[in-house]
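This note is intended for a colleague who is meeting the structure for the first time. Please read the numbered points alongside the sequence and the model shown here.

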Amino acid sequence: MIRSVLLGTGSALPPRRVANDDLAQSLDTSDAWIRERTGIAARRIADASTTTADLATEAAARALAAAGLAPSAIDLVVLATATPDRTFPATATRVQARLGITRGAAFDVAAVCSGFVYALTVADSLLKAGQGQRALVIGAETFSRILDWDDRSTAVLFGDGAGAVVLEARATPEGEAPRGLLAARLRADGRHEDLLYVDGGPGSTGTVGRLRMAGREVFRHAVHNLAEVTGEILAEAAIPVEAIDWLVPHQANLRIIEATARKLGLPMSRVIVTVDEHANTSAASIPLALDCAVRDGRIRQGQLCLLEAMGGGFTWGAVLLRI
Ligand code: ACO
């Protein structure tokens, strides 16, 4: 059976680190409040000249280097973002051009914080369908551009960044344990649009929007939906939770991550957490966390990872990945 095997990971963060105390200079908030409610200590914020495509290209180049591949080896670029450089063309085609890739296909996926889980699943399906052999899957965001910097209930939660992975379609050799994407489950329920959205933006409204969120409601849905989808994917794949080496969750809030791990029955020692330093980077958060843990040696070949995310829409989903 053909599976999409992970060959390399990469990430990129803007150099400017903004600590909670820095935000407290201009907002009625405090380091203690933000840490206690979210687990966030700092976030990276892009300078005015850095766009989503810049961060995405840097992360993708690092993933290609880790995979030992030239850009010309890539057939498919799938980029998850809610903060594209332009309404069109897709940011994926910008990244493709900057990397010097002139063949194959490139497009964006819009599923906000679930974007990377969606993009990974779409890329996997295309590779399995024979639409190419190798894919770059990227999550990249500059959420700082769509924040209302006067709204303390949302401005403190997000950051900018990008992460990327290289996938290759491979047949599992006879007698070997399968590597790669083992299972995926995507969900959406558009009835909850008004709990988390941007009130305008490029496209049919002709306005520039800012992020709006009913935090407490989003929290409640996130804990419920993530527990459900992670339970379902493990049951479907007939994998006991003890077999999971690492939970690599979307990094929105430490309390959501802890609640999901608790409901799954996984100790926090097997959960990758980067929300403290990156805050919520939306579609970038999972590949960023994955890259950090691969590079620091925690996540190693052969290990089983459970990825999960939930975001605006609502959209949510989970992926089981043998590294
Ligand atoms: N600093 C200080 N006080 C604040 C701040 C702040 N930054 N933000 C809100 N408050 C105040 C509120 O005004 C409120 O004050 P009041 O009681 O006088 O009215 C009080 O704190 C409590 O506000 P709540 O919103 O009820 O606080 P809560 O404990 O729910 O925490 C939070 C808010 C952190 C946003 C939480 O609801 C949350 O994490 N929700 C999930 C949202 C999320 O992660 N979204 C990301 C996108 S979706 C996803 O990725 C899953």
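Does Val112 count as buried, partly exposed or exposed, and at what relative accessibility? The reply is given in point 4, after the overall description.

1. Basis of the note. This is a predicted model, in which local features need pLDDT of at least 70 and side-chain atom pairs count only at pLDDT 80 or more, while totals for chains, interfaces and linings use all residues. Residues are numbered from 1 along each chain as its sequence is written, and side-chain values use heavy atoms, with hydrogens and water left out.

2. Overall form. The chain contains 10 helices and 13 strands; these are DSSP runs numbered from the N terminus, helices being H or I with at least four residues and strands E with at least two. Its radius of gyration is 18 Å, close to the 20 Å that the globule rule gives for 323 residues, so the chain is as compact as a globular protein of that length. The radius is taken over C-alpha atoms, and the rule is 2.2 Å times the number of residues to the power 0.38. The C-alpha trace spans about 60 × 45 × 40 Å along its principal axes. Of the 323 residues, 54% count as buried, meaning under 20% relative accessible area, with exposed over 50% and partly exposed in between (1.4 Å probe, protein chains only).

3. The chain is divided into domain 1 (2-171) and domain 2 (180-322), with bounds from an automatic or database domain assignment. Their centres, taken over C-alpha atoms, are separated by 14 Å. To the contact between them, domain 1 gives 55 residues and domain 2 gives 49 residues; contact means heavy atoms within 4.5 Å. Within the chain, 76% of the contacts with a separation of 6 or more are between residues 24 or more positions apart.

4. Backbone points to inspect. Most residues other than glycine have a negative phi, and most peptide bonds are trans. Val112, in the loop between strand 5 (105-109) and helix 5 (115-128), has a positive phi near 50 degrees. At 27% relative accessibility, Val112 counts as partly exposed. Ala279 also has a positive phi, near 60 degrees, but Ala279 is buried, with a relative accessible area of 0%. The peptide bond from Phe88 to Pro89 is cis, with omega near 0 degrees, and Pro89 lies in the loop between strand 4 (76-80) and helix 4 (91-99). A cis peptide bond also joins Gly313 and Phe314, with omega about -5 degrees.

5. His278. This residue belongs to helix 9 (residues 275-278), and Ala279 is in the loop between helix 9 and helix 10 (285-295). His278 is buried, at a relative accessible area of 8%. Leaving aside neighbours within four places in sequence, the contacts of His278 include Leu13, Ala42 and Cys292.

6. Asn253 sits in the loop between strand 11 (246-249) and helix 8 (254-264) and counts as buried at 8% relative accessibility. Beyond neighbours within four places in sequence, Asn253 is in contact with Arg37, Thr38, Phe219 and Val275. Thr154, in helix 6 (residues 152-155), counts as buried at 1% relative accessibility. Not counting residues up to four places away in sequence, Thr154 touches Leu147, Asp148, Leu211 and Met213.
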